[in-house]
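Subject: Handover of a structure for your review

Dear colleague,

Please find below the structure that I am handing over to you. My notes on it follow directly after.

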There are 2 protein chains.
Amino acid sequence: MSEARPGQRPLDEALAELLGFASALSDVESVSTFDADGRVLAQDLVSGLHVPPQDNSSMDGYAVRCADLTQLPVVLPVTQRIPAGAGAGAAPLAPGSAARIFTGAPIPAGANAVVMQEDCELQDGAVRIKVQPLPGQWIRRAGEDVAIGATVLASGDRLTPAALGLSASIGMAALLVRRRPRVALFSTGDELVMPGDVAPTDMRPGAIYNSNRFFLRALLLRLGCEVTDLGIVPDRLDATIEALRGAASQHDLILTSGGVSVGEEDHIKPAVQVLGTLALWQIAIKPGKPFAYGRVHDTHFIGLPGNPVSSYVTFLLLVRPFLLKLQGVTELETKSVAAQAHFDWPRADRRREFLRVRHNAAGGLELFANQSSAVLTSAVWGDGLVDNPPGQTIAHGDSVRFIPFAEVLQ
Amino acid sequence: MSEARPGQRPLDEALAELLGFASALSDVESVSTFDADGRVLAQDLVSGLHVPPQDNSSMDGYAVRCADLTQLPVVLPVTQRIPAGAGAGAAPLAPGSAARIFTGAPIPAGANAVVMQEDCELQDGAVRIKVQPLPGQWIRRAGEDVAIGATVLASGDRLTPAALGLSASIGMAALLVRRRPRVALFSTGDELVMPGDVAPTDMRPGAIYNSNRFFLRALLLRLGCEVTDLGIVPDRLDATIEALRGAASQHDLILTSGGVSVGEEDHIKPAVQVLGTLALWQIAIKPGKPFAYGRVHDTHFIGLPGNPVSSYVTFLLLVRPFLLKLQGVTELETKSVAAQAHFDWPRADRRREFLRVRHNAAGGLELFANQSSAVLTSAVWGDGLVDNPPGQTIAHGDSVRFIPFAEVLQ
């Protein structure tokens, strides 16, 4: 193994520079809490009430005073019945009595424990209790989940189903979220054919189906973007300039794949340079490497490599955090966990590698046999990436860093 | 710790019985490959072509014959230039010559390696090569990703962004997928108030905001369902029967939360029993436990517990695989991985527990302080569940089973 080639940049450095170009979109909008899944909060949510609002039962059973149950068994008259939703209707519990109570129902004043019904016997309007309750048993305290005045979610948090539930539980019917980023997807390349336009048996030599647009569009939608698919732009400089100029006025990002290698024949690079600025980066990762960042007027431009797996991985590692930052997300780090390699990787690479792997039944990670950057089946087969540092070999049983696809596909 | 109470059923047994009631919906539909993310294939996809269609270069550089490079350095005349998309246009490579070639361009007949441009120097229409190439170097073979006739995806596979790309790469413009399940969401309970209807400061004693509907709806949408929100049904038997009857005719599943505990005051249970059948299960899990499965005419009915975390966890463990099976998914197991506990859990429970945890900076799992089933903040804070077997304590450093939320939130 040799040193990283001069001019190749570490991923972390490239990511930091890229994120430096992104700042949160200034527009925010109010959406129904029902429709806010995946969106990014643009306000702190401060609770105006306790959740739960008052002490209540977490079991179906009988509310009692512990002082009445020092000698067992005890038979107590049942003086009231408190259903969930009883509100302030429950009378105080007189000493020497019990109240029938249901899950979620308010604890009557004076009671300090709930005995679950399985530990009781009902006898002619009285209840026979055989078990000594602990004070506070089966009582959920007011404010146990959320105390009044607490910040339950903060600006920059990305909303999940559970977060929508939490927002609703403090009475939020609508939430202020960051506007969706508008992204224009671009394809160029004479070899590209759209599925459906030509049957597999009729493909001319050298032609390949455009596949990157399909996963890029799906990844963008999962990240909350509005996507404009500009299709395959004719392979002429004037047409490319015109398409870029039109897209720039209505989008936050123009995203393309292919055409960013040093020697590639493509009009994207000169067209971006005519309209704005473009920097070609060589990032020391595998798959990946070529990457372009530029501006067309005030619009961001990102060019991904054309190889499907390179395009896919580079999107997840660089474009995903970029788009989350545009939406104001504060936690941008790609999540990885420790896992055990159940494979050998004897040849170190000078670049940081992202190997397609999946869990096996033994709890380890297995390697997809073909790690070529052209082999998209590896990304379908795999359930994540091993993040292997430069110059590192891997032996069966080694602990490695694992990036689950599930974490970066949402 | 005592034994599981009589009548409580292990989760695995309950899940197997529940899945026994579900069979794949018979309706399938054709959707654009662009719009098929998250849908479930109802056909095997067999490739009608090789991907890539022919041997091509995986680098920008020069195509050569290895036999010409036995003595180094060598200077070879550059006799042609082969861009990506050149198709059959490339002439055979004469012995003693090199071809300028770009990533994705077809390898000319006779060439058996590519030398990357970084290892070459261009000199007046000739190229000086200093490095000995290995035969096959930087050549992607025809059919390397997908061989003609190979089944790339099978009926029952759930489509991901990468799978859409793979489908497109074999020319599929549309895919046959299972129809979306139609789910009616139901709420009952006099204590429930919709966010927006009453301000936090004006809530009457005992009232709580309806939060379960918000996360249940979002979870259903993430699973590809069409959701009808029937709102809060008036708390009368006749109204409940009428609502259930109306929902049954147009949905595959009626889903409700709350009202399934043994002693609960609710019209859902008797209403389902009037129209069809209902079984109340006590499942030996925590949080969770009460669960109802029934039928209203030919429509499935599932009743979840009302406590938010119980409802959330029970949905993920039971309803999610049920809905995936309705869509024909074949892999229904909830994914869990080994992880290290960075907490102590000294009190064993007779039930199988699902503890809300998240990763800490040291790579271990931390416990949310309050594991009450009412505390929805635990599900927002956490990034997954520890699946703790019945009767099991946990000590700091122990290996535990971890279910990442990311795996079950899609």
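I begin with a single loop residue. Asp124(B) counts as exposed, because it has 7 C-beta neighbours inside 10 Å, where a residue with 12 or fewer is taken as exposed. Asp124(B) lies in the loop between β9 (120-123) and β10 (126-129) of chain B. Its phi is positive, near 50°, although Asp124(B) is a residue other than glycine. Please bear in mind throughout that this is a predicted model.

His297(A) is not a glycine, yet its phi is positive at about 50°. The loop between β21 and β22 of chain A holds His297(A), and this residue is exposed, with 11 other C-beta atoms within 10 Å.

In chain A, the bond from Lys286(A) to Pro287(A) is cis, with omega near 0°; Pro287(A) sits in the loop between β20 (285-286) and β21 of chain A. In chain B, Leu72(B) and Pro73(B) are joined by a cis peptide bond with omega of about -10°, and Pro73(B) belongs to the loop between β5 (61-64) and β6 (74-82) of chain B.

Turning to the overall form of chain A, its secondary structure consists of eight helices and 27 strands. The radius of gyration of chain A is 30 Å, whereas a compact globule of 410 residues would have one near 22 Å. Along the principal axes, the C-alpha atoms of chain A fill a box of roughly 90 × 50 × 45 Å. Of the 410 residues in chain A, 52% are buried. Among contacts in chain A between residues at least 6 apart in sequence, 70% link residues at least 24 apart.

The domain assignment divides chain A into domain 1 (8-25 + 180-326), domain 2 (28-49 + 150-178), domain 3 (56-140) and domain 4 (337-408). The centres of domain 1 and domain 2 of chain A, taken over C-alpha atoms, are 32 Å apart.

Helix α3 (residues 212-222) of chain A is largely enclosed by the rest of the structure, because nine of its 11 residues are buried. Among them are Phe214(A), Phe215(A) and Arg217(A). The cover over the buried residues of α3(A) includes β14, β17, β18 and α6 (308-326) of chain A, together with α2 of chain B. After α3(A) comes Gly224(A), with a positive phi near 85°.

Helix α4 (residues 237-248) of chain A has 12 residues and spans 16 Å from its first C-alpha to its last, close to the 16 Å expected. Its buried residues are Thr240(A), Ala243(A), Leu244(A), Ala247(A) and Ala248(A). They lie on the same side of α4(A), because they cover an arc of only 130° around the axis. Asp238(A) and Gly246(A), on the other side of α4(A), are exposed. The elements against which the buried residues of α4(A) pack include β14 (182-187), β17 (226-232) and α5 (268-275) of chain A.

Finally, the interface: 89 residues of chain B are in contact with 89 residues of chain A. On the side of chain B that touches chain A, α2(B) provides the largest share, eight residues. By class, that side of chain B has 47 nonpolar, 29 polar and 13 charged residues.

With kind regards

Conventions:
Residues numbered from 1 in each chain as written. Chains lettered and ligands numbered in written order. Predicted model: local features only at pLDDT ≥ 70, side-chain atom pairs only at ≥ 80, totals over all residues. Helix = DSSP H or I, 4+ residues; strand = E, 2+ residues; numbered from the N terminus. Rg over C-alpha atoms; globule rule 2.2 N^0.38 Å. Buried ≥ 20, exposed ≤ 12 C-beta atoms within 10 Å, placed from the backbone. Contact = placed C-beta atoms within 7 Å. Nonpolar A, V, L, I, M, F, W, Y, C, P; charged D, E, K, R; others polar. Expected span 1.5 Å × (residues − 1). Arc of directions from axis to C-beta. Domains from an automatic or database assignment.
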